[in-house]
Amino acid sequence: MTGNPSENKVVELFAGVGGFHLGLEKSGWKIVLADQWEPGKKRQWAFECYDSHFKDSLNLNEDISSVDASRIPDHELLVGGFPCQDYSVASTLANSKGIQGKKGVLWWEIYRIATEKRPRFILLENVDRLLKSPAKQRGRDFGIILACLTSLGYSIEWRMINAADYGFPQRRRRTFIFATMDGSVQEKLYGDRKADEVLMGCGFFAAVFPCERHIGARISDVVIPDDVKSVSDSFRFPFENSGYCYEGNCHTLRVEAVYNGKSMTLGDIIQSSVPEKYYLKPDDEAKWQYMKGAKKVSRVSAAGFEYSFAEGAIAFPDPLDKPSRTMLTSEASKNRSSHVVTDPSTGRLRLLTPVECERLNGFPDEWTNTGMPESFRYFCMGNALVVGLVEFMGKRIQELK
Ligand SMILES: C[S@@+](CC[C@H](N)C(=O)[O-])C[C@H]1O[C@@H](n2cnc3c(N)ncnc32)[C@H](O)[C@@H]1O
């Protein structure tokens, strides 16, 4: 597509500290505009970090819902990591301007921008439970996304990827969604192909993240209704961890990763000598043992009912010879899911450092050391994605063009 002014240009929504940006620039893309705004916060730490690193893009620190599409340059690829929220449709607008999603639900901002800008490719990231949400109408929210993008002429492919399955040092599971409205790319990827060929062979994801059928799993099919409001009202479907939707015909299959390459572990990203403040105080060890241990306790609900609460044990300390557990935004708050390791050089228990958290996501060391308090450095990494996965996806799109 030489001569196309939008060629290779990327718009990054919900940019955080720039995981998409880092991965995509390594695969030859150019980010022209990014938007990052943390609701309700005076200091915008993630934005400040992003803006200090990336000087070549226009970086907006605004609620995306207040950014008019006319301010967004034409682009070839739209990307963003957005939250799993309730995407149900309140009503259909009478004036044919489309559907009315709930305010503050960020999917509708992506949909608005895609509708107005029609990028050739879209690449999105969400948590793994997106495919099954909400509990009372399983698959509704993902069905809404498929119906919206199908109505704009996109084909959609998704895959839930655990970064550790492809050699990365963290067991971070996320749903990635790739969409294209380019007819020749759609033809190349899906055309007359059989669903298992797409999902386990030459589709967008399987070509770079090889996989095989989960034992006993079968492909199931569903037609996505073209009326988004009716999807919202009554659609439900058990979407599996891989699938695609071409011209409204959807095929999904539970797959397992196939990988024989080098695998990294938590031990591989550990710093050699860290300040004393990261070590657990000997007096606190019993508290940590309790937090991490299995327990069954009696609790009282907000409505005053007593109930029994049980949770299993978490490995304590976290094993260094395996990939880490998922890092959460609460990593800094010293809770049950914070990682605790045995420092290899001292043999004492300690927390992970911010640099180790950056390494777990594949960010350069000290990436978030841009003036923010340390607790925010952990928070930003809990929000971020694994850069190497995005790099592979960015390359894959380049090859398809
Ligand atoms: C899941 S994080 C994305 C992280 C990013 N991919 C990274 O690698 O750092 C989502 C981001 O969206 C931002 N956000 C939430 N609501 C927003 C809004 N209304 N407008 C713009 N950004 C918003 C949050 O502050 C958060 O940084």
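**Close-up views of a predicted model**

View 1. In the ligand site, a nitrogen atom of the ligand is placed 2.9 Å from an N or O atom in the side chain of Asp-63. The protein covers 90% of the 610 Å² of accessible area that the ligand has on its own. The model shown here and in the following views is a predicted one. An oxygen atom of the ligand lies 2.5 Å from an N or O atom belonging to the side chain of Glu-38, while at Trp-37 it is a polar backbone atom that is found 3.1 Å from a nitrogen atom of the ligand. Around the ligand there are 19 residues, of which Val-17, Gln-36, Trp-37, Glu-38 and Asp-63 come nearest. The shell that these residues form divides into nine nonpolar, six polar and four charged members.

**View 2. Strand β1 and its pairing with strand β2.** Strand β1, which spans residues 9-13, is mostly covered, four of its five residues being buried. Its pairing with strand β2 (residues 30-35) is in the parallel sense and runs over four bridges. Within this pairing, Val-11 has Leu-33 of β2 as its bridge partner. As a general point for reading such a view, side chains in a regular strand alternate between the two faces of the sheet.

**View 3. His-251 in strand β13.** His-251 belongs to strand β13, which is made up of residues 249-253. Its relative accessible area is 18%, and because buried means under 20%, His-251 counts as buried. The side chain of His-251 makes a polar contact of 2.8 Å with the side chain of Asp-221. Leaving aside residues up to four places away in sequence, His-251 touches Asp-221 together with Trp-158, Ala-195, Leu-199, Ile-219, Ser-220, Ser-242, Gly-243 and Tyr-244.

**View 4. Lys-117 in helix α3.** Lys-117 is located in helix α3, whose residues are 107-117. With a relative accessible area of 18%, Lys-117 is buried, so the value falls under the 20% limit used for that term. The side chains of Lys-117 and Asp-74 are joined by a polar contact of 3.0 Å. Not counting residues up to four places away in sequence, Lys-117 touches Ala-69, Ile-72, Pro-73, Asp-74 and His-75. For one of these, Pro-73, the C-alpha atom is separated from that of Lys-117 by 8.4 Å, although the two residues are 44 residues apart along the chain.

Definitions and conventions
Residues are numbered from 1 along each chain as its sequence is written. This is a predicted model: local features need pLDDT of at least 70, side-chain atom pairs count only at pLDDT 80 or more; totals for chains, interfaces and linings use all residues. Side-chain values use heavy atoms; hydrogens and water are left out. Helices (H or I, at least four residues) and strands (E, at least two) are DSSP runs, numbered from the N terminus. Buried means under 20% relative accessible area, exposed over 50%, partly exposed in between (1.4 Å probe, protein chains only). A polar contact is a pair of N or O atoms within 3.5 Å; within protein, one must be able to donate a hydrogen and the other to accept it, and residues adjacent in sequence count only if both atoms are side-chain atoms. Contact means heavy atoms within 4.5 Å. A residue is near a molecule or strand if one of its heavy atoms lies within 4 Å of it. Accessible areas come from the Shrake-Rupley method with a 1.4 Å probe; for residues, only the protein chains shown count as cover. Ala, Val, Leu, Ile, Met, Phe, Trp, Tyr, Cys and Pro count as nonpolar, Asp, Glu, Lys and Arg as charged, and the others, Gly among them, as polar. Two strands pair if DSSP finds at least two bridges between them.
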